[in-house]
Amino acid sequence: MSKLRLLQPQDDAALEDWRHVHNVIIPTDPLSPEAVRERSGRNHLEVAYLGDLAVGCSTVRPPADGTATVIARVLPDHRGQGFGERLYASGLARARALGAERIATVVLASNEDGLRFALRRGFTEVERYLLPGDTVPYVDLLLG
């Protein structure tokens, strides 16, 4: 089996891979290619590849008031293999390098695997909220 590679998307194909994973994991908020391109300019994005197949992605939002947000996403068929841990560790290292004093994450409430993942890594829930027009809440969590 090929080893997992984490790459920062540099071209439209890689940005599309990131977008695909995001849209599968967060179907209530699908992103357009333009929205992903905009996010790549203000956040650190990574795509996890197993061979040539995108199996996950991550986002690191730079610190605001000392808190950076680290989000790791893994496609359902590829969970339980340590890919989320690799994405999370990479994102956490990036957030710390950017000067983060605290780490937050956000998970769609219907993503039970994602919530378990965050809770097992020391995150605690701080808020649930609905965006206008949504029916599934987001869960904000803070590390330790």
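Biologist: In what order do the seven strands form the open sheet?

Modeller: This is a predicted model, where local features need pLDDT of at least 70, side-chain atom pairs count only at pLDDT 80 or more, and totals for chains, interfaces and linings use all residues. Numbering starts from 1 along each chain as its sequence is written, and side-chain values use heavy atoms, with hydrogens and water left out. Strands here are DSSP runs (E, at least two residues), helices likewise (H or I, at least four), numbered from the N terminus, and two strands pair if DSSP finds at least two bridges between them. The pairing is mixed, and the order is S1-S2-S3-S4-S5-S7-S6.

Biologist: Which strands stand at the edges?

Modeller: Look for strands with a single partner, so that one side is left without a neighbour in the sheet. Those are S1 (4-7) and S6 (123-129).

Biologist: And what does the twist average from one strand to the next?

Modeller: Axes are lines fitted to C-alpha atoms (for helices, over the stretch in contact), and angles run from 0 to 180 degrees between N-to-C directions. On that basis the twist averages 25 degrees.

Biologist: Which residue in S2 stands opposite Leu7?

Modeller: S1 pairs with S2 (residues 44-50) over four bridges, in the antiparallel sense. Opposite Leu7 you'll find Val47.

Biologist: At about what angle does H1 run to S3?

Modeller: H1 lies across S2, S3 (53-64), S4 (67-74) and S5 (102-108). Its angle to S3 is about 85 degrees.

Biologist: How do H1 and H2 pack: roughly parallel or roughly perpendicular?

Modeller: H1 (residues 12-25) and H2 (residues 33-42) have axes 10 Å apart and an angle of about 105 degrees. Under 35 degrees counts as roughly parallel, over 145 as roughly antiparallel, 65 to 115 as roughly perpendicular and the rest as oblique. That makes H1, relative to H2, roughly perpendicular.

Biologist: Which residues of H2 make that contact?

Modeller: Contact means heavy atoms within 4.5 Å. H1 brings Asp12, Leu15, Glu16, Trp18, Arg19 and His22; from H2 come Pro33, Val36, Arg37, Arg39 and Ser40.

Biologist: Last one: what is the radius of gyration of the protein chain?

Modeller: The chain has four helices and seven strands, in the pattern β-α-α-β-β-β-α-β-α-β-β. The radius is taken over C-alpha atoms, and the globule rule is 2.2 Å times the number of residues to the power 0.38. That rule gives 15 Å for 144 residues, and the chain's value is close to it, so the chain is as compact as a globular protein of that length, at 14 Å.
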